[in-house]
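Have the viewer open while you read.

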Amino acid sequence: MTHLFLNTDLALEDNTDNKYIYSVRRTGKASTLLSLSYFEPQTVQRVYNELFLLLINPALDECFRNPKTGRLKEHFVFIVDNGPSEAPSSPLVRMWLARIARVLKLKSVTQKSFAEYHSKRNPVERVHAVHNRALSNEVFSSKGIHKHFEIGDEYHLENMEHMAKEVEQCLATTQYGGKSCVVQRGLGKQDNFVFDDELQLVTFLGKNECQKNLDDNLYKPIQNDLWKEITMLWDLDENMTGSYRNDYQILQNAFHEEADPGEIHYLPLEKMEKLDTDVVDETPGAFLPSKILELVIKVFRHGLDQVLSSLCVLCWCSEEEIKRFEDEFRNKLDTSFTKEKERAYWSQDDLYKKNDKAKLQSLCKKNGISSDGIKHECVKRLVKKLNRNPPPVLEKYDGKLFSLPNYVTEIAKFSVYKLREILRFHNILDCGTKDELAIRVGTLRAGRTHLVFQNEIHAIQDIINATKTLIRRQKEHHLTDPVVIHRIRKFLTPTTASLNMIRPRDSASASAKQNGKRLEVPEEVTLETLDEVFRPIEDELLVYIGVDSVENAPEIVAGLLDAIRTVGVRILARWSKEEIGDSGWKTGWYVGSVLKHNKERDTIEVEFDTEANVIYTYKVDEDVKANKIRLAQSTKRSIQDYEEVCQVGVVVEVMLEEDELEDTDWTSGWYTAEVQAVDYDDGEVDLFFLDKLDFVYNIPVLPNLITGKLRLKEKLF
């Protein structure tokens, strides 16, 4: 593994025309650790243990030591390629980061990776080019000592050690950035590790949250020569003791800024320092498209069509990319659900219950059939080979929530398949760990469906607020400091352009390069209209927060019911599995329009967008309470303005059509008016038109808000 202790040199090349152009030369001290890949696989444990080996190398002392205090530097930053042994999103990696911070007494440690397909931008790749050039001029033998050996035996190991010495001698002659490359043998056997508790750490991470909070297991460094030298050199606690639980709690609470995964972006450093990005730093994954899309897929159960325009800006992805991501996400869920169902089916067989995997594989070989695959696949093949009776058909969930246990501890005893089947029946996303699935089913059983993804809802709101704040601050900063900063490499490699000065995010997107797509920024986006860009997704979130249930918002129940009874209003209706039957439709919320309201029966007739010319009838009061119908997000937004409009002095806009303007010289269009009087009993207001001082107009508020003929222009307060 190669490390580059990065040093960046900036030189001002030009500052004409209010533009500052700097040349950038990234160099530093290169260090390479040689490992025998067959005998010493690159694991997370090895990667971080070898960091201690670098700490005691005299050639790297200047890289680790603070020249002012003479002590170990207090802030570490790792830029990695996002491989399996170093991915910042890995729980194992994050636990190691917390441990490194504790052991070395650091104030912060940050590990970030490049976006997908962009690891070539990592400066350490240039060190690889230097090494490859040197290695290509030498010939190395894998049989330097023993010509005959078996893979994995002692002779093989001795040959590889001999070859490693030859490679070390070759690379020791190389230079990077005018400095000699530091090359040394890695740690070798696990006996040389400072910490060798990978099994215990993985076991801890496999526990549920409750068990983690009760875990009292500790870890200690192995008292070998490497550890003793480190403690003496850097004044560390030789007898330190750590706790898995404490490290995990650091990650859950106060370690976000130091160890949270992130993605490198292209805003110039000088601009970033003046921007005050605390709001973004405190919002993990604020600009990571996959993070945002996974959140919205969990929350918006009836699809993303209503929020695509906002998501495109928030994720900087095209509509096609978002739809493709959603399809792939749901297809993976369907595939895993099918596998869980098959596993649950074959786990009923006695062969599965009474034998472990090793025993089943032995039986497969004995009967001359394949022993590959997981446990239930072996059982499936054995049952067919031995002509055993297959297990009974799995009992199907009937949708009766009252038949489920009241306590989550009992629900958690269900199989993963059963939990996912229940959630799918009630149209709730079934991704996540078994603990998460059990909690969702328990929340569903308690009648608190709107709380299932509340954390995800709040996360989306935080990301939206962070994005708005960042955009506002960036625009405001640009007004006071319009200087454009460009950087060019001092030693530029001839190649095609990788970044576009005008649209760096667009050009840096791997998918945009592959598909040739260009993302269009919404027109007329200003500080005043910024809220409108994200209005669709914010309004859609209201559907899932719970404000539309009777018990959560009693003050607007009457307005909601009246709105649903209005002809032309857009509503959402939930189609259950029983109602859909074998029609091929999926369970979920479907958008439709109210065509007619029967006052005597208090019913409405609805036509859905997905099924034209077919009429469905709903009982308003009954179906609203049963959470079968609700207002669409666009209508809900209008209802929220109801109380604001019903105030004397409020300025509104009214759409007047030709049939309402007969015998006048007015033209149809929007007119600005002020509310002069309010009739709360009939829900009407008197409007005084500012353009026509001699005209007062009386209109009902709710129907006009719903149909879009009345809208709030200026709030009173």
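## Ring pairs

Rings of Phe, Tyr and Trp (its six-membered ring) pair if their centres lie within 6.5 Å; planes under 30 degrees apart are stacked, over 60 edge-to-face, and the rest tilted. By that rule the structure holds 19 aromatic pairs. This is a predicted model, where local features need pLDDT of at least 70, side-chain atom pairs need 80 or more, and totals for chains, interfaces and linings use all residues. Numbering runs from 1 along each chain as its sequence is written, and side-chain values use heavy atoms, leaving out hydrogens and water.

Take F608 and Y618: their ring centres are 6.4 Å apart and the planes sit at 80°, so this pair is edge-to-face. F608 belongs to strand β13 (residues 603-608) and Y618 to strand β14 (residues 611-619), so the pair ties together parts 10 residues apart in sequence; strands are DSSP E runs of at least two residues, helices H or I runs of at least four, numbered from the N terminus. F608 is buried at 1% relative accessibility, and Y618 is buried too, at 9% (buried is under 20% relative accessible area, with a 1.4 Å probe and protein chains only).

## Around W96

W96 is part of one aromatic cluster, along with Y48, F52, F195, F204, Y219, W227, Y244 and Y248. The charged end of R99 sits over the W96 ring, 4.6 Å from its centre (NZ of Lys or CZ of Arg within 6 Å of the ring centre and within 35 degrees of the ring normal). Elsewhere, K375 does likewise over the ring of Y352, at 4.4 Å from the centre.

Definitions and conventions: Buried < 20%, exposed > 50% of the residue type's maximum accessible area, 1.4 Å probe, protein only.
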